[in-house]
Structure formats: C-alpha cells, structure tokens
Amino acid sequence: MNGTFTGKVDASSSKLFFVCLVLLLGTWVAVFFQGLATAIDIWLISDIFNHCLFVLPGSMFLIYLKRHELSLKHFQPNYWVLFLCLGSLSLYAIGLAGDVKLFMHVATFTFLPLSVWAFIGNQLTLKILFPLVFIIFCIPVGEELIPALQEVTADLSMIMLNWSGIPVYRSGLYIEIPQGRFLVAEACSGISFFIASLVIGSLYAYLNISSSKRRVIFMLISIAFPIIANGIRVFGIILTGYLTDMEHAVGADHLIYGWVFFSIVIVCLLGIGEIVREKYPQEQGLQPELASERWITDKSFYPSLICILVLMLAYSAWFRLITAQLNQSSATTHLTLSITEGADQANYLSNWKPEFIEPAQEFHYSRMMLNTPVDVYVAWYPLGYGELITSGNRLYTEKSWSLKSTSNLQLGSDQNIRISTIVNHSSKRLLSSWYLIDGKMFTNNKIAKLYETYQILMGNHIGSALIAISQQTKNVSADQEKTEFQAILKQSIIELNQTIEIK
C-alpha cells in the first residue's frame, strides 16, 4: 500500500517537474527574444553558423538519452548559481543598451544552462553536464579567427608548393604561379571546417570515448586536423590550376571541391576517432534508479523556479525601460556630422572604399597632407541609428584587397595606432583608422566599444564616428613609405579631428 502511494507521488512530481522546465524554457525565450532572434538570423544567413540550428535540439536529445540516470531524489536547487545568472542578465542588459550582439548572444546561451543548474542542483547537473555546456555552441562566434586562419592556410599551402617545385610568389594573401593568381579569401580560411570539426569532434568524444585523456587527445586532433586539411585543400586547388593551365579549380570549382573535401575531412576525423577510442569500453550502469530515499513533493519545485522567473522578469522590465529611453532619446535627437573643410566629394574616385553598414552619413574624399594626396573616409552613427563597431564593417573590400602586413605607431604613453599594408593585383596601400566616441579618440576597437556602451548606459552618448586614411604607395623602399605615412598620420589625426563638427 505504501509503495503504491509513493509511486503515484513520484509520477505526479515527474510531470510537474517537466512542466516547470517547459515554463522555464518558455520564459527564457520571451526574456531573451531579441538575443535569440538576432542569433537565429546569423545562423540562417551565414554558412559558418548553420550548424547552430541543430545545437539546441541536439542538447535536448542528449538530455533525453540520460533520462534513466536522472532521479528526482537528487533534486536539490543551488541558489548560489543565481549570482551567475544575475551576471549573465547584466551582460545581456549591457549588450542590449550598447547594441553589442556578442554580449547579447553570450548572455542568451549561458543563462539557459545556468538557470537549469540553479533549478535542478549540482548532482543532476553533473549527469547532463555535457549537453548543457554543448548549448554554448549556439553562440555565433569565431569569425574573428578568419584572418589568422587565412594566414596559416597561405603559409601551409606555400610550404607544400615549395616542396612540389612549382614556381610561386606570395604577396600578402595573393599566391601567384606562372598560370595565374590565387587569393586566399575568407571562404578559403577554412573557418567552417574548423568550427564544424570542433562541434562534431566534441560530440563524438562525449558519445564514444570514456577516457578523459583520450577525449583531450581527440579534441586536440579535432582542432589541428581541419587546419592542416584546409592547407592541403588550397594546395590541391592551386596544383590543379597549375596542371590544367587554369581550366579547372577556378570559379564554382572552389565551392564544389570545398564541399567534397569537407565531407572527406569529417569522415577522416571520425575514422581517427575510431582509432583513438577504447576498443572494449567498460559497461556503464545506465539502469534507472527504481528505489528512492525520499520522494519529491509538488511544493519542492516552487522556490527555485519562482526565484529564477522573478529574476528574469525583473530584468526584462529593466531591459524594456532601457530600450524605451534609448528610443526616446534617438527620436528627439537629430545630430548630423559636417566636415568644415577639404571634404569635396564631387567627381572623386578611388580604388579604395571601406564597406560600412548603412551609416547615417559617410564622407569619402581626397585631402592634401604634407603635400601628399591622401584618401579620407568618415562614417557617422548617431545615437539609436546603428552599430559602428562590428565585424560587419570593413575598412576594405575583401574581394579587392588583401592584408599583407601590420605595424604599430606609438602616439603617446598609452596609445598605439595600427598601420596596415593592403595589396591587390596592381597596387599597394597603407591604411590606418581611429574612432571618435562622443568626441573622445580611441585606436582600440574593444576599448572604444566598451566606452560607447558605458556612455549609452549613463545617458551621455551622442554618436560615434570612424575616421580612416589611406595612401597609395610610391615606388620607394618600404621603410621610407612607412616613415612618410607615419608623419602624415600624426598630422591627419590632429587636423581631421578638428574638422569634424556635430550639429
């Protein structure tokens, strides 16, 4: 009689537990809707992050596979984790205020596993630790690695080309052979291979490898293997162009070879996993726990769930208040930028043109600096108009220019400015840029973004501008070119900052 009663209570508690989790998930979607929506937009648009669409369903399925190991007798909420949840919500508020999508996405996809941890406690969380951590792969981050991967890919392909004896010359990311020229573009960086390999590798290690040491080894292989394989792919494309006199390995062939090669890389990675994993894994006890030391009553779920929901809803109200204030400020503020002198854009043409996403105003003109013509570009984003400091804004078009090298110029005791050398098939340019955030100058984009966000939160933000200058190099030595451009740059910073007025 007593056993029958406890079974009914357990069944009732299990259903309520499931309802609470669904309520928690639904509230998370409602509160973090903007972060979730912007992330999904990136998942759908970018080939690099298409895999993110399957991460959340995959995590839920992995938790479902662990259902027999989850016993409600271990349910013990961890209220200390609420402080981490509070930090995640604060990061989301900062991201929302400053329109920093990275902050919004990190907060969105860290709050969910943290809230589940706070709700179910340490023991149950340890049972589903990997599925919860796996949710982090929903964050669309990794594009910052593209320049480094482009360089590594170009380096590896050059090594293999030198081994093959093919005559080759490299200028930045351009690789030239007698039959033609190849550019190691962003699509050739292998970022899609790298991220997909990392996701698939971690999933395979969790499902098929028991030893922690073997898992670490396989994850290191999952990181290194796609990088090396992508170098081989680029070498293969150049070799094919060399052997076929550029009849193949150009245009759409890149994409075809890329997808075929990617499939081979994943198959090879899984094959390596079969070699690394244990051949005779020990049997693990996956039997459900039939006995229970104590059954959970219905009221046991309420305190932790209420705390988490109140925390989310309170911060949600604060988010909306911030958004309303920002919209009100931007609606009543109509500030424009004007260049007081030297900004004649009529009939101006240049082979260098930055790509910025819908600035409120942009100026592109030529100006004399130290008796040298210099190209100037200014982009202006007033409060509430858009985002200036984002990876989508580029100082040069990737299809037309390639980064060859970078150096730093010391402006003061605590400030350096970056000078880039960019090249294309016919010319070379020196390029530098800086930001003006509410009239204050920054040369570091991360510090500039943090200051911009701080100004927004304090209600003091007016607008942000980027100023970039570029000079086409002369037929002189590289050291002399940089020395002359450094002098021009120092003069430009003083003069251009003075010519910009906000009205």
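Is K428 buried, partly exposed or exposed? K428 is partly exposed, with a relative accessible area of 23%, where buried stands for under 20% relative accessible area, exposed for over 50%, and partly exposed for the range in between (1.4 Å probe, protein chains only). The model is predicted, and local features need pLDDT of at least 70, side-chain atom pairs count only at pLDDT 80 or more, and totals for chains, interfaces and linings use all residues. Residues are numbered from 1 along each chain as its sequence is written, and side-chain values use heavy atoms, with hydrogens and water left out.

**Salt bridges**

- Taking a salt bridge as a side-chain nitrogen of Lys or Arg within 4 Å of a carboxyl oxygen of Asp or Glu, the count comes to 9 salt bridges.
- K428 forms one of these with E481, their closest N and O atoms lying 3.5 Å apart; this pair links distant parts of the chain, with K428 in strand β9 and E481 in helix α14, 53 residues apart.
- E481, the partner of K428, is buried, at a relative accessible area of 7%.
- Another salt bridge joins the side chains of E495 and R367 at 3.3 Å, N to O, and it too links distant parts of the chain, E495 belonging to helix α14 (residues 478-499) and R367 to strand β5 (residues 361-369), 128 residues apart.
- Of that pair, E495 is partly exposed, with a relative accessible area of 23%, whereas R367 is buried, with a relative accessible area of 9%.
- D375 and R429 form a salt bridge whose closest N and O atoms are 2.7 Å apart, linking strand β6 (residues 372-382) to strand β9 (residues 428-437) across 54 residues, and both D375 and R429 are buried.
- A network of salt bridges links K101, E387, K449 and E452.

**Helix α2**

- Helices are DSSP runs (H or I, at least four residues) and strands are DSSP runs (E, at least two), numbered from the N terminus.
- Helix α2 (residues 33-45) has 13 residues, which at 1.5 Å a residue should span 18 Å, and its end C-alpha atoms are 18 Å apart, which agrees; the expected span is 1.5 Å times one less than the number of residues.
- The buried residues of α2 are G35, L36, T38, A39 and W43.

**An open sheet**

- Three strands form an open sheet in the order β1-β2-β3 with antiparallel pairing, two strands being paired if DSSP finds at least two bridges between them.
- The edge strands, each pairing on one side only, are β1 (169-171) and β3 (180-183).
- β1 pairs with strand β2 (residues 174-177) in the antiparallel sense over 3 bridges, and R170 stands opposite I175 in β2.
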